[in-house]
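Here is a short report for a reader new to this structure. Please look over the sequence and the model before reading on.

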2 protein chains.
Amino acid sequence: MQKKHQQDARAKGRIKLSCAKCRLRANDAFREFERDELDFIETFKVGELAIDAGATILMDGQDSPHLYTVLSGWAVRFKLFEGGQRQVLNFSMPGDLIGLQSAMFDKMHHTVESLTDMQLCVFNRDRVWELYRLHPGLGFDMTWLAAREESIMAEYLANVGQRPALERIAYLILHLLERGRRAGLAKGNTLMTPITQEHVADAIGLSIVHTNKTLQRLRATGLMTWKRGEITIHDAERMAGIAGFQASGAGRRPFI
Amino acid sequence: MQKKHQQDARAKGRIKLSCAKCRLRANDAFREFERDELDFIETFKVGELAIDAGATILMDGQDSPHLYTVLSGWAVRFKLFEGGQRQVLNFSMPGDLIGLQSAMFDKMHHTVESLTDMQLCVFNRDRVWELYRLHPGLGFDMTWLAAREESIMAEYLANVGQRPALERIAYLILHLLERGRRAGLAKGNTLMTPITQEHVADAIGLSIVHTNKTLQRLRATGLMTWKRGEITIHDAERMAGIAGFQASGAGRRPFI
DNA sequence: CGTTACCTTGAATCTCCTCAATACACGTGG
DNA sequence: CCACGTGTATTGAGGAGATTCAAGGTAACG
C-alpha cells in the first residue's frame with residue numbers, strides 16, 4: 001500500500017530523491033562530483049519525472065522551462081519536415097542531457113520523444129546561470145556535453161553524407177552499441193534497445209525498404225544479429241572494418 | 001619601412017593587439033563584453049596569427065595547445081576518409097571559434113583548413129579552466145557556441161539525410177548567406193565567398209558532377225547567380241520556399 | 001602563352017526510391 | 001483458444017536520381 005502510493009507519486013513527478021544516491025553515479029563511466037557540486041545539484045534539481053513510452057518530452061520550436069537528464073529509458077531526438085519526412089538526430093540514453101537548446105536559445109530546434117517508459121531528472125532552466133557562477137566545473141561539463149553532441153552530429157553527418165548503405169548502417173549500430181555500453185544498456189556484445197528499422201532508416205537517411213534489405217545483407221555476413229530488441233555484434237572487429245568505425249576513446253564523462 | 005616590419009611580425013604571429021579595439025566588436029551581431037571580461041580576454045589572448053590560404057590550422061586526431069577565434073577570412077572544417085572522400089562539416093567565418101574539441105577532448109575530431117588568407121586570435125588552452133572559474137559569463141558563451149555548432153550540424157544532417165539535391169543546395173546557400181551576413185561578409189543579397197563547387201559537393205554529400213548539374217538547374221530558375229566568388233540571391237523568399245529554409249532568429253551572439 | 005584550378009558536358013551504370021503486397025509477432029476481446 | 005487488429009518486418013518490380021568515367025572548356029596567373 002505504502003509502496004503503491006509512492007509509485008503514483010512518482011508517476012506525477014513529485015518525488016525528489018537524493019542525488020548522492022543517484023543510480024547514474026553507480027556507473028563508473030561518469031565522473032565523480034565534488035561534495036559541494038553534489039549539494040548544489042541537489043538544490044538545482046526540481047524533481048523526477050516518470051513518463052510513458054511514446055510521449056513528447058520537448059517539441060521543436062517550444063521554449064521549455066526545464067532541462068532534463070535521462071535516468072532510465074530511451075528517447076529519440078528528431079526533426080520533422082512538412083512532407084512528413086523525419087531525420088533522427090540521435091537517441092538519448094541514461095546520462096544524456098535533454099533540452100540544452102531551450103536553455104541556450106529559448107527554443108528547441110528539434111523534438112524529443114520517449115521510446116520506452118522513462119525516468120527523467122528535472123532541472124530548472126532559470127538557475128542555469130547560477131550553476132555557471134557558483135560551480136564553474138559544472139559549467140565546464142555543460143560545454144563538454146554540448147561539444148560532444150556536436151562531435152556526434154558531425155560524425156553522423158559524415159556517415160550519411162559519404163558512406164554507402166551497408167557501411168552507414170554498420171557504423172550506426174556500432175556507435176549505438178558503444179554508447180549503450182557506457183550507459184549500461186548492453187550485456188557483452190548485445191545491446192538491448194527499443195529502436196525499430198524505421199528509426200534506423202530515419203537516422204541514416206535511407207528508405208525503410210532499402211534499410212531492411214541492407215540490414216539483411218549485413219546479417220547475412222554473420223557479423224551481427226537483431227531480434228526482439230536485441231542487437232548482437234558477433235565480430236566487432238570485422239564489423240568495424242566495414243563501418244570504418246573507431247571507438248572514440250573519451251574517458252569518464254560528466255552527466256550533470 | 002616601419003610598416004613593412006610590422007607586416008612581417010604579424011605573419012609570424014607576434015603582434016598582440018588590444019581586444020578593446022578588436023574589429024569584431026564593431027559588428028553589432030556580437031554581444032558586448034563587460035569591462036572585466038575584456039580585461040581577462042586580453043590576458044587570455046596569446047597573440048594573433050596570420051596564415052595563408054590553403055594552410056592546415058588543426059588536424060584530425062591532433063591535440064592542439066591552442067584555441068582560435070577567426071578575425072578575418074574563411075576556413076573549412078572537414079573529415080577525411082580512407083577512400084579520399086571528404087565530408088565538409090561547415091565553414092568558419094569571422095567570430096567563429098576553432099579548436100573547441102581539442103580543448104574539451106584533448107584531440108580534434110576533424111581537420112580545419114584556411115580557404116583564404118586569415119587572421120586568427122590565439123588563446124591558450126591551459127587557461128580555459130581559469131576562464132570558467134573567473135568569468136562564468138564567458139564560460140556560458142563557450143557552451144552557447146558549442147550548442148550552436150551542434151544545432152548547425154543537426155540542421156546539415158537533416159538537410160543531407162532528407163532533402164533531394166535541389167533543395168539541399170538551396171538550403172546550404174541560404175544558410176551560408178545568412179551566416180555570412182552576420183559575419184559582415186555579404187553586401188545586400190550578395191555573399192563574397194572563396195568556396196568552390198567541390199566544397200559544396202562535399203558539404204551536401206553529392207558528387208561534383210551532380211552538384212554542378214543541380215546548381216545549373218537552380219540558376220536556371222533565376223533565383224540566384226554565382227560567379228567569381230560572388231553568390232547572389234535574387235529572390236530570397238522563393239529560394240527559401242524550395243529550400244524549406246527558415247532563418248534561425250538567434251539574437252546577438254558571443255564570440256569570445 | 002602555357003599552366004593550373006575550376007567548371008561543364010554526355011553517356012553508361014548502379015544505388016536507392018516508390019508502390020504495392022504479403023508475412024509475422026504480439027496483444028486484445030470474444 | 002481462436003479471430004482480429006496493429007505495428008513491424010519482408011518481398012518483388014519498375015523507375016528516378018545519383019555515380020563514375022572520360023572529355024572538353026574557361027578564367028586567372030605568372
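## Where the chains meet

Two residues are in contact if their C-beta atoms, placed from the backbone, lie within 7 Å. This is a predicted model. By that rule, chain A brings 36 residues to the contact and chain B brings 36 residues.

On chain A, several elements take part. Helix 5 of chain A has the largest share, with 19 residues. By class, this side of chain A holds 19 nonpolar, twelve polar and five charged residues.

## A hairpin in chain B

Strand 4 (residues 75-80) and strand 5 of chain B pair in the antiparallel sense, over six bridges. Leu80(B) has Arg86(B), in strand 5, as its bridge partner. Five residues separate the two strands of this hairpin. In the turn, Gly84(B) has a positive phi of about 95°.

Is strand 5 of chain B enclosed or open? Seven of the seven residues of this strand (residues 86-92) are buried, so the rest of the structure largely encloses it.

## Around DNA strand D

Helix 8 of chain A gives the most, six residues. The surface near DNA strand D divides into seven nonpolar, six polar and three charged residues.

Terms used: Residues numbered from 1 in each chain as written. Chains lettered and ligands numbered in written order. Predicted model: local features only at pLDDT ≥ 70, side-chain atom pairs only at ≥ 80, totals over all residues. Buried ≥ 20, exposed ≤ 12 C-beta atoms within 10 Å, placed from the backbone. Helix = DSSP H or I, 4+ residues; strand = E, 2+ residues; numbered from the N terminus. Pairing = 2+ DSSP bridges. Nonpolar A, V, L, I, M, F, W, Y, C, P; charged D, E, K, R; others polar.
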